[in-house]
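Student: I would like to learn how to read aromatic pairs in a model. Please take me through a case.

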Amino acid sequence: MARLSRAAWLYLAAVVAAGGLVLARSIVSVRSDLDVPGSVTLAVLAGLFLLCDSLPTTLTTRQSAWSPSASPTLAAVVLLGPAGAALVGATSLLSLRRGLRLTERAFNGAMNVLAAFTAAEVYLALGGPVAVPSRASFPWIIAPFAAAAAAHVLVNHGVLGGMLKLLPQQGDAWPRRRGAFGTPALLASDLGYAALGLLMAALWSHRVVGPSAAVLVLVPLFVARWAMGQFAAQERAYAATMAALCQAVETKDLYTRGHSERVSKGAAMLASEIGMRAERVSAIRYAGMLHDVGKLGVPTKVLQKEGPLTEEELAAIQLHPMRGLEIVREIGFLDEALNGIMHHHERIDGRGYPLGLAGDEIPEFARVIAVADAFDSMTSNRSYRGAREVGEAIGELRRWSGTQFDPALVDAFIAALAREGWERPAPPDLTPEHEDALAAQDHDDPTAPLRVIESR
Amino acid sequence: MMTTPRPSRPAWQAMDSGELLLVAVAAILVVAAVAQTAASGFAQPRIALAFGGLIALGELLRLELPGARQAAPIASAGAIAYAMLLRVGAVPALHPPLHVIAVAAAGMTVGALPHVAAGRPAGLAGMASRLVAVACVALLFRPLAGLDVVARHWWAALAVMGALVALGWLVKCLIEALLRADALRVRFGVALSDEMRAQLPLGVAIGASSMLVAFAAEVMGLAALAVFIVPLLVTQLAFRRYAGIRDTYLQTVRALARVTEVGGYVESGHARRVGGLAVAVGRELGMREPDLLELEYAALMHDIGQLSLREPIPGGATVLVSPADQCRIAELGAGVIEQAGVLDGVADLVRRQYQPWRATGVSAGARSADRSAAGAPAPSDAAPPVGSRIIRAANAFDDLVGASSDRDRTMAALERLRLDTASEYDPAVVEALSRVAARRRSARR
């Protein structure tokens, strides 16, 4: 967690205070109630919790780590009731995860205590028996248990989501308007691991395996964790590879270096501003990255030509969205991303290319990319002008709003800029050895349209 | 991934002989099982129905692991759990092994029907190998289930179950490796170790889950199935996402490797052809799957350095360019790939693709000069890695032959490569390449 705002501090204090209160009450009640087998159960579950909590997997899509510690917590709900469950949740104070600050530790501990306690209370309220489940408990135990699992997930994600909302934005990793909850996949996996808790609890009484079954229960859990880790690593590698290849495409023109990356960032920023779902934001990030890949099909001498272009040369430049589509068509990601690449030079008034679509006919992705694309072009250096200030470029966006750009998107983009700022690229290195990589005109710049030789 | 698309043929013809044999064995098992079950009837139809339903659901939710491997973890875990069931609640499970086979086969068939209806391949071979593995476990465990020692001592039950789960996994790996060795011309040893590495994580999850269900059914009754299915679903979701991103990754590299073609730097289809050829040659030489993937990436991107050239090389054929330029292109390409920070092995293959396999004369000098300029350690006399040698030969072959399948042209190109095996091309690679080319010609005919 980076430096916290006052609201975040208040929120943190409230969560920790609530967690501390529940924990204190639980300790008192456990000291009077717990018998010897109960304390063995508590110790084993706490150990399992610590094991799960100490081996998290970091997901790329959020700042927090994902760990399967819901299973021992939910087992504690069934075997020990509210006080015991709260104590098991409190074990995360002792997490062996490295690099945790004291505030994070306190917050995680309080959050887990609250989630476990709430789940156990829900379980009790719906008539779930706090005991080692026997044959007679099934299948009636499943309904209160499912409710407890849902409550656990809700509290966990709710408390965490609230905190993430108050944290300063770190990059564009956490889309703002996605609400307090993680992705559906993450919710589903948390629920799945909660369900393992019932299996753990049920096997506790088993004549053959008993508590050692907990080890077996953990096996599929850690396999899933391994697969999630592999997925996250592959996803990072994928993003890095794509960025590297896009940079390679840009080497042809010194002035547009880093353009793809910045458009990708800008498009993602705008997309989360207007409340797109996480998957769509990640798709538009890739679409922004790849939007100009078709420029490679435009001959270098056309890109670098000084002075007006002939009709054919203009046509060659205007073909680049289609060329880009041709290259990326086989990548199996969202069709929407492909539409975004193909139509990113359409204009709201219908005077764009390649198809001359107008208004709502233009796919949303394309309208988003168009804004980010033009904005980055205006705030970058070009051979025929210096980089514009952000404020000046915003003025230009407003000027073309309604003719070239979607007005609603322009407003949203300006709002996002006001909050998150924009980093303009450094001026290019104009040493002689790079002289052969200069473009004289920029097709993305709305303030300096491509000059064409009048044929008549 | 890494499969060569087969021309469309009738379904039975599209199957390799190995697959046909496997399906035949499975069919015999099923016929025997169904006949026996029909004669005796189900002793405990409710249990059979519950497990059959679970297996059908698992088959419906199949997933594809990296390397075009079909898996149905929920179906496998359900079937193995049914095979190892000791009691449900207080009632001992009485079903004979052939019932397990009948239930598994019926469940799989029902689960596969929607796939067929949606026009996807039925995946008969995958189903057959899963069924044979389950049959092994069932035939060995069911007779033991009645023994006192297993019923009374938890350690005996645990040990037997663990051993049988491992055996079932091994049988499945063996079958799949045999099929792969046959279909993709991989050496059996390599295929087996690839298969075991690919199947281990999911196999462990399946094994542990099936043992859990078998135990949990004693306490929870059939509700154990409903509870255990959720975590396995999550595991499956994680694997699906993993396999999905791996696919997308490869597709993206394939697609972006084409930028050199769209830019007019190389002939159309060059990157993809070199990629396919390099993988086939690597397989012929017994390379393992992770190395093959790296090789495929490197082969697809081997010309990416040309993007930094101001104007395309005429025809894009790097085989006709001076060694110094080849070196520069390779170096630039490796630089691009290194930017990603995750593909250093691939970058190394690309960097060293221009090196003759045996360092001699001018090129060796040029190389060490270049290396010292780049500040890299100079293993200048070491032969380039086998991946680089393969890419070098495959690239030269494709530059000379292109998309053409003309026999004389192929032979002439191979002859030219062979003449250069003294220094330029690795003779083992060229021989493997000619075997691959000959096979492709005969397949086309």
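Tutor: Over all chains, this predicted model holds nine aromatic pairs. Rings of Phe, Tyr and Trp (its six-membered ring) pair if their centres lie within 6.5 Å; planes under 30 degrees apart count as stacked, over 60 as edge-to-face and the rest as tilted. It is a predicted model, in which local features need pLDDT of at least 70 and side-chain atom pairs 80 or more, while totals for chains, interfaces and linings use all residues. Side-chain values use heavy atoms, without hydrogens and water, residues are numbered from 1 along each chain as its sequence is written, and chains are lettered from A and ligands numbered from 1 in the order in which they are written.

Student: How is a pair described?

Tutor: A pair of aromatic rings is described by the distance of the centres and the angle of the planes. For F375(A) and F413(A), the centres are 5.2 Å apart and the planes stand at 75 degrees, so this pair is edge-to-face.

Student: Which parts does the pair of F375(A) and F413(A) tie together?

Tutor: F375(A) belongs to helix 14 (residues 364-378) of chain A and F413(A) to helix 16 (residues 407-420) of chain A, so the pair ties together parts 38 residues apart in sequence. Helices (H or I, at least four residues) are DSSP runs, numbered from the N terminus.

Student: Are F375(A) and F413(A) buried or exposed?

Tutor: Both F375(A) and F413(A) are buried, meaning under 20% relative accessible area, with exposed over 50% and partly exposed in between (1.4 Å probe, protein chains only).

Student: What about F375(A) and W422(A)?

Tutor: Their ring centres are 5.3 Å apart with planes at 80 degrees, so that pair is edge-to-face. W422(A) sits in the segment after helix 16 of chain A, 47 residues from F375(A).

Technical notes:
Helices (H or I, at least four residues) and strands (E, at least two) are DSSP runs, numbered from the N terminus.
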